[in-house]
Each structure stands twice: as C-alpha cells, then as structure tokens.
Amino acid sequence: MCITFMYCNHNAPLDSYKLVLASNRDEDFRRETKPLHQWPNRDVIGGQDAVKGGTWLATSTNGKLGILLNVLGENSRPNGRDRGPLVVKYVEGQKSAEEYLTDLKKETEENVFNGFHIVLLELTLQSTNIYHFSNIAPLDSPSTKVTNVTNKQENKDHVYGFGNSQCTSQPFQKVIFGKEKFAEIVNKFNRKSESQNLIQNILDLMKNKQSNYPDPEIDRKAEADMDEDYKMRYSRVCVDISSIFYGTRTHSIILVDHNNVMDFHEWTLDYETKKWIHTHIRKTLNMA
C-alpha cells in the first residue's frame, strides 16, 4: 500500500518546479529492499524490491515516471501475477503512457492480477501529462478505463492525490487531508530558491501520523483481520503497524525544473538500526 501526491504544471513559473512529487511506500519492514539507485546497464532510476526485482516507483532519463499502488481489499488472488514489473516495463520501454496502459488493460483482461492502481507521467518538451489505470472497476462503472488525469477540469490547482481506495473519485480521508496540505506547501514554497524548505515541509507531511479515521471507504474495503486500531493506524499518511512489522518504510520526493533537471530524493528505513538512509540522485532528463 502506498500514497502519492503531485503538483504537475508544465506552465509553472520559470523560477519554480514544474513537477513536485511525493510518495510513501508501505511494506513489511523486514522485506529486503535496494534503496534508490541507477539500475546497472538500464535506464531505470528508483528503489527496487530485492525479493522479486520489481519496483513501486521509478523514472528514466527520457521523462518517463511510474508509480504503483495496491488496492485495499483486492489482494486475495493466490495465483495473482507479480505487479512489480509493471512500472519497470513502462519507464524503460518505447511505448507512450497511453499506449502502454491500453495494452496493460487488455493484459489484465486475460491475466489475473491482484488489485492495483498505476500512475504514469510523461514529460516532454511540449507538455507534462499524467495517466492512470486500475484493474479494479470504479463503483460507478462496470468496466476499467485508461484516464488522462491532466485533462480533468477539476484539477485547476494542478495538484493530484492517489491512494489505495477502489477508485480515485472516492479517496481515503488521508488522501484528502494530504492533498490539501501538499497544495498548501507547494503554493508557499515552490520556488527554486526555497527548495530546502519545500523538501523539508513535504517530508514532514509524508511522516505525518495523524489519524484520519473514521473513514467510510476504509471501512467498506477493510479486510477481515483489520480491527479498529489497525484502521486508525492505516488511516495515517505515514502508516505504522509495528505489531505486524508493517508500515511506511520509504519516502520519495522528486523535483523537476524548467531546465529538465531532476532531483530524486529517497529516505529508506533500515529496520535493524531504525535509521533512515537518505539517497539523492540528480539527472538532466533528455526529453523529446
């Protein structure tokens, strides 16, 4: 389970960042993981699940970025295919985001996956677009669909939030809370001269452990073993359910300026030492 917020505005002021992205990865604290790195001999930049080799968040130097989120209550297929490669195949592939998701939609109709949302960004010299697909149909629709999120008129502030609810139109309360706070931070600090304040305030938000429960959508999708204490802890932006060794173990922040310079920051929890390890990669994107 994960949560992601982003500001995406190709026409942002020149002294600001056109992309500001923040994401938390929630996972078993003990699961072996490689922190943020340039994957050897591959145009993939991101952390990596050392168990199966996939990723939850990655980018490439050609302006592609992908994020994978699970859907609460939709992980019961014992023979479900591994979702970890989905982001990797996009960022190092040749297909556009829309082409990739259209093909993935067909693949999900033929193969069994547990529930997921996948959010793909496509940064070019002319535009910046966000595409979304979930293999779990929205409540108001009998079928799944590929959506260009940036074309939606309701996002006039260019701020977006994604979580683990069944559909983006009915987000968890923590996504609503976090999106509002993220928008305030971006509005106040999105200038290159304020980059350190921008990063620190976003990181503080991603570490926020305020409960956002009650949440009717969490109640609706809750799995059988989720008692009220579990739901309260799960309703936080930063999840901590230490009793089962589960919670937020990675914070990621990505900034892209108008010179197409990307700063990718990651903080990963070393469970044995209980220390957060910070990694920073700066790359100039080569976009068409």
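Predicted model: local features only at pLDDT ≥ 70, side-chain atom pairs only at ≥ 80, totals over all residues.
Residues are numbered from 1 along each chain as its sequence is written, and side-chain values use heavy atoms, with hydrogens and water left out.

The residues of H3 that are buried (under 20% relative accessible area, with exposed over 50% and partly exposed in between; 1.4 Å probe, protein chains only) are Lys174, Val175, Phe177, Gly178, Phe182, Ile185, Val186 and Phe189. They lie on the same side of H3, because they cover an arc of only 160° around the axis; the arc is that of the directions from the helix axis to the C-beta atoms. Asn187 and Lys188 are exposed, on the face of H3 turned away from its buried side. The 17 residues of H3 (residues 173-189) should span 24 Å at 1.5 Å a residue, and the end C-alpha atoms are 24 Å apart, which agrees. The expected span is 1.5 Å times one less than the number of residues.

## Strand E13 and its partners

Strand E13 (residues 261-270) is largely enclosed by the rest of the structure, because 9 of its 10 residues are buried. Strand E12 (residues 246-257) pairs with E13 in the antiparallel sense over 7 bridges; two strands count as paired if DSSP finds at least two bridges between them. Within this pairing, Phe264 in E13 is the bridge partner of Ile254. The hairpin of E12 and E13 has 3 residues between the strands, and Asn260 takes a positive phi near 65° there.

E13 is also joined to strand E14 (residues 275-284), by 10 bridges, and these two strands run antiparallel. His265 stands opposite His280 in E14. The hairpin formed by E13 and E14 has 4 residues between them. Lys274 lies in this loop, and its phi is near 60°, a positive value in a residue other than glycine.

## The setting of His117

His117 belongs to strand E7 (residues 116-123) and counts as buried, at 3% relative accessibility. Its side chain makes a polar contact of 2.9 Å with the side chain of His132. A polar contact is a pair of N or O atoms within 3.5 Å; within protein, one must be able to donate a hydrogen and the other to accept it, and residues adjacent in sequence count only if both atoms are side-chain atoms. A polar atom of the His117 side chain also lies 2.7 Å from the backbone oxygen of Ser165. Not counting residues up to four places away in sequence, the residues that His117 touches include Ile67, Leu69, Val71, Phe133, Gly163 and Cys167.

## Backbone features in loops

The peptide bond from Tyr213 to Pro214 is cis, with omega near 15°. Pro214 is placed in the loop between H4 and helix H5 (216-221).

Phe245 is found in the loop between strand E11 (240-241) and E12. Although Phe245 is not a glycine, it has a positive phi of about 60°. With a relative accessible area of 29%, Phe245 is partly exposed.

Conventions:
Contact = heavy atoms within 4.5 Å.
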